[in-house]
Amino acid sequence: MPTVRDIKRKAGKEPITMLTAYDAPTAGIVDDADVDVILVGDSVGNASLGYETTVPVTVDDVARHVGAVSRATEDALVVADMPFLSFGVDEKDSIENAGRMLKEEGAEAIKLESGPHTVELTEKMVQLGIPVMAHLGLTPQHVNQYGGYPRQGTDAEAAERIIELAKAHEDAGAFSLVLEHVPANLAAEVTDAIDIPTIGIGAGPDCDGQVLVVDDAVGLSEWSPSFAKRFGAVREEMESAVEEYVAAVESGEFPAEEHSHEESDLEDLY
């Protein structure tokens with residue numbers, strides 16, 4: 001099983017693969033494919049819980065899904081994504097919420113949507129033994145502030161802020177950094193500026209690794225962002241299977257004789 005140190009050593013040497021997972025069956029499939037990191041993202045809100053954004057996701061929501069994923073994972077590093085307002089408000093609560101993911105649910109690290117307010121918190125968590133993956137660029141928990149999901153770091157001032165925050169979180173002890181929806185040339189600059197690995201999503205090819213929401217990768221989502229790629233057609237397969245099931249029941253084809261059994265000891269009941 002890779003550790004945060006193993007992931008950190010991959011920077012500039014081996015590509016890092018990361019996918020989300022929210023349940024045990026999916027985690028098992030992802031783990032068997034030798035993915036390096038499984039992120040139990042707060043994207044569970046959009047992907048599984050029916051919310052329009054990640055904002056309503058709670059600590060209990062994430063904990064439940066982290067536990068399911070951890071129990072099904074043998075090799076990948078499991079990272080718990082800390083949801084909106086579970087960190088950065090009160091240091092004690094932030095640490096307890098993050099620690100719960102490791103102590104009770106089996107995660108090996110946590111991820112924070114990062115900013116100036118998470119530098120000292122990252123340092124404190126790392127001191128206490130909670131490995132931290134930082135996250136800069138587009139941070140979806142700020143959707144109400146952004147008014148959507150716009151690309152970040154598109155001017156010199158914003159790009160410089162991201163570079164400086166990346167360095168600050170590296171200095172604070174973060175073992176890796178997610179860069180989301182930023183220009184590819186900015187992601188390349190950040191990757192060159194720090195020694196910890198960068199993991200991109202919509203950030204071009206020059207990061208040390210890549211991450212996608214698993215629903216987008218396998219083709220389960222109804223809609224995917226422009227920077228995602230469908231590597232399968234799971235939604236179409238499921239739709240076809242469900243339609244065939246309905247037709248088989250309605251026609252009487254299912255259940256067939258091989259799907260049922262009779263017990264001879266019950267013959268006297270008739």
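Predicted model: local features only at pLDDT ≥ 70, side-chain atom pairs only at ≥ 80, totals over all residues.

Trainee: OK, how many helices and strands does the chain have?
Mentor: The secondary structure comes to 11 helices and eight strands. Along the principal axes, the C-alpha atoms fill a box of roughly 80 × 35 × 35 Å.

Trainee: And what share of the residues counts as buried?
Mentor: That's 49% of the 270 residues in the chain.

Trainee: Switching to charges. How many salt bridges does a search of the whole structure find?
Mentor: It finds 13. One of them is between the side chains of D60 and R100, at 2.9 Å from N to O.

Trainee: Where do D60 and R100 lie?
Mentor: D60 is in helix α4 (residues 59-72) and R100 is in helix α5 (residues 91-103), so this pair ties together parts that are 40 residues apart in sequence.

Trainee: Is D60 buried, exposed or partly exposed? And R100?
Mentor: D60 counts as partly exposed because its relative accessibility is 43%, which falls between the 20% and 50% cut-offs. R100 is partly exposed too, with a relative accessible area of 24%.

Trainee: Which other residue does R100 meet in a salt bridge?
Mentor: E104, where the N to O distance is 3.8 Å. E104 is exposed, at 55% relative accessible area.

Trainee: Which residues are linked in a network of salt bridges?
Mentor: K10, E14 and D36 are linked that way.

Trainee: What about D81 and K111, are they buried or exposed?
Mentor: Both are buried. Their side chains meet in a salt bridge, 2.9 Å from N to O. D81 lies in strand β3 (residues 77-81) and K111 in strand β4 (residues 109-113), so the pair ties together parts 30 residues apart in sequence.

Trainee: What does the side chain of H135 make a polar contact with?
Mentor: With the side chain of K111, at 2.7 Å. That is the K111 that also pairs with D81 in the salt bridge. A polar atom of the H135 side chain also lies 3.0 Å from the backbone oxygen of L138.

Trainee: Where does H135 lie, and why does it count as buried?
Mentor: H135 is in strand β5, which covers residues 132-137. It counts as buried because its relative accessible area is 4%, and the cut-off is under 20%.

Trainee: And L136, buried or exposed?
Mentor: Buried, at 3% relative accessibility. L136 is in strand β5 as well. Its C-alpha atom is separated by 22 Å from that of D93, which is 43 residues away along the chain.

Trainee: New topic, the surface. Which residues gather in a patch of negative charge?
Mentor: E257, E258, E262, E263, D265 and E267. Of these, E267 is found in the segment after α11 (234-251). E267 counts as exposed because its relative accessibility is 54%, and the cut-off is over 50%.

Trainee: What makes up the nonpolar surface patch?
Mentor: V242, Y245, V246, V249 and F254, which together make a patch of about 440 Å². Y245 has its place in helix α11.

Note on methods:
Residues numbered from 1 in each chain as written. Heavy atoms only, no water. Patch = residues over 30% accessible without salt bridge, like charges linked within 9 Å, V, L, I, M, F, W, Y side chains within 5 Å. Areas by Shrake-Rupley, 256 points an atom, 1.4 Å probe, with all protein chains shown as cover. Salt bridge = Lys/Arg side-chain N within 4 Å of Asp/Glu carboxyl O. Lys, Arg positive; Asp, Glu negative; His and termini not counted. Charge placed at Lys NZ, Arg CZ, Asp CG, Glu CD. Helix = DSSP H or I, 4+ residues; strand = E, 2+ residues; numbered from the N terminus. Buried < 20%, exposed > 50% of the residue type's maximum accessible area, 1.4 Å probe, protein only. Polar contact = N/O pair within 3.5 Å; in protein donor to acceptor, adjacent residues only side chain to side chain.
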